[in-house]
Amino acid sequence: MNLKSLTSIFAFFACLLGHAQENRIIYVDFEPDSCMYVPSSTCDFWIDLNNDGDADIHMNRYWTSIAMFFAIHSLKDNLSLCSAEENDTLMQIQNWRDKLSFAERHECWGYRFEDEGNYYYGWFRTYTVKQGDDKRWCFDKYAYCTIANYPLRWGQTELNTSVDENSEGVFAVYPNPAKQ
């Protein structure tokens with residue numbers, strides 16, 4: 001094998017390796033969890049969900065004459081948020097907003113970034129803890145998929161390489177050309 005062939009093979013595998021590293025699910029589990037005390041004069045989180053160095057969401061609490069509420073705000077024009085349940089496929093959720101407010105406990109949240117007509121999905125988890133008179137709102141983990149329009153499920157931390165038996169859009173070719 002000559003040097004030019006070796007260089008071409010190396011370049012090919014380098015491209016494959018680079019592509020494989022880009023197409024993944026980025027998963028972060030905070031240890032210890034990030035928590036803020038409620039009520040507190042400084043009840044704010046600013047969180048970077050896609051690891052680009054800029055805060056994407058702002059989480060805080062606020063009071064009304066009736067009760068205390070929690071809020072999650074999108075800080076980007078191309079970022080939407082939703083309430084989710086465990087194992088929801090995020091791309092199937094229809095109710096996306098730039099701000100979520102809630103008074104009751106909820107833990108599962110989805111988000112999506114839009115870029116040139118494609119969506120990049122992710123999820124995060126918050127929870128509240130009450131110990132005596134002390135109440136904390138905690139942010140403990142999140143995931144972000146770098147593959148456009150990937151059907152990410154809430155709680156998913158690795159790419160799914162298998163095809164569900166009932167997946168829509170799956171087709172088969174007969175006879176199988178690989179077996180001829």
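Trainee: Buried means under 20% relative accessible area, exposed means over 50%, and partly exposed is in between. Which class does Cys35 fall into?

Mentor: This is a predicted model, and in it Cys35 has a relative accessible area of 27%, so Cys35 is partly exposed.

Trainee: What is Cys35 joined to?

Mentor: Cys35 forms a disulfide with Cys138, with an S to S distance of 2.1 Å. The structure holds 1 disulfide.

Trainee: Which strands does that pair link?

Mentor: Cys35 is in strand S1 (residues 25-38) and Cys138 is in strand S9.

Trainee: Is Cys138 buried or exposed?

Mentor: Buried, because its relative accessibility is 0%.

Trainee: What about Cys82 and Cys108, buried or exposed?

Mentor: Cys82 has a relative accessible area of 0% and is buried. Cys108 is buried too, at 7%.

Trainee: Changing topic. What is the strand order in the open sheet?

Mentor: The open sheet has 4 strands in the order S2-S3-S4-S6, with antiparallel pairing. Strand S2 (44-47) and strand S6 (99-102) are the edge strands, each pairing on one side only. From one strand to the next, the twist averages 15°.

Trainee: How many bridges join S3 to S4?

Mentor: There are 7 bridges between strand S3 (residues 57-63) and strand S4 (residues 68-74), and these strands run antiparallel. As one of the pairings, Arg61 has Phe70 in S4 as its bridge partner.

Trainee: Now aromatics. How many pairs are there?

Mentor: The structure holds 13 aromatic pairs. In one of them, the ring centres of Trp96 and Tyr121 are 6.0 Å apart and the planes are at 55°, so the pair is tilted.

Trainee: Why is 55° called tilted?

Mentor: Because planes under 30 degrees apart count as stacked and those over 60 as edge-to-face, with the rest as tilted.

Trainee: Where do Trp96 and Tyr121 lie?

Mentor: Trp96 lies in the loop between strand S5 (79-83) and S6, and Tyr121 lies in strand S8 (residues 118-131), so the pair ties together parts that are 25 residues apart in sequence. Trp96 counts as buried at 13% relative accessibility, and Tyr121 is buried at 3%.

Trainee: What about Trp123 and Trp154?

Mentor: They form a tilted aromatic pair, 4.6 Å centre to centre with 45° between the planes. Trp123 is in strand S8 and Trp154 is in the segment after strand S9 (134-145), 31 residues apart. Both Trp123 and Trp154 are buried.

Trainee: Which residues form the aromatic cluster?

Mentor: Phe30, Tyr111, Phe113, Phe124, Phe139, Tyr142 and Tyr144.

Trainee: And which ring does Arg112 lie over?

Mentor: Arg112 lies over the face of Tyr119, at 4.1 Å from the ring centre.

Trainee: Last topic, the nonpolar core. Which members of the largest one touch the most others?

Mentor: Leu49, Ile57, Met59, Ile72, Tyr111, Phe124 and Phe139, out of 23 residues. S9 gives the most to this core, with 4 residues. Another core of 14 residues lies apart from it, and its members include Ile25, Trp96, Ala143 and Cys145.

Technical notes
Residues are numbered from 1 along each chain as its sequence is written. This is a predicted model: local features need pLDDT of at least 70, side-chain atom pairs count only at pLDDT 80 or more; totals for chains, interfaces and linings use all residues. Side-chain values use heavy atoms; hydrogens and water are left out. Two strands pair if DSSP finds at least two bridges between them. Helices (H or I, at least four residues) and strands (E, at least two) are DSSP runs, numbered from the N terminus. Axes are lines fitted to C-alpha atoms, for helices over the stretch in contact, and angles run from 0 to 180 degrees between N-to-C directions. Rings of Phe, Tyr and Trp (its six-membered ring) pair if their centres lie within 6.5 Å; planes under 30 degrees apart count as stacked, over 60 as edge-to-face and the rest as tilted. Buried means under 20% relative accessible area, exposed over 50%, partly exposed in between (1.4 Å probe, protein chains only). A charge sits over a ring if NZ of Lys or CZ of Arg is within 6 Å of the ring centre and within 35 degrees of the ring normal. A nonpolar core is a set of buried Ala, Val, Leu, Ile, Met, Phe, Trp, Tyr and Cys residues joined through side-chain atoms within 4.5 Å. A disulfide is a pair of cysteine sulfur atoms within 2.5 Å.
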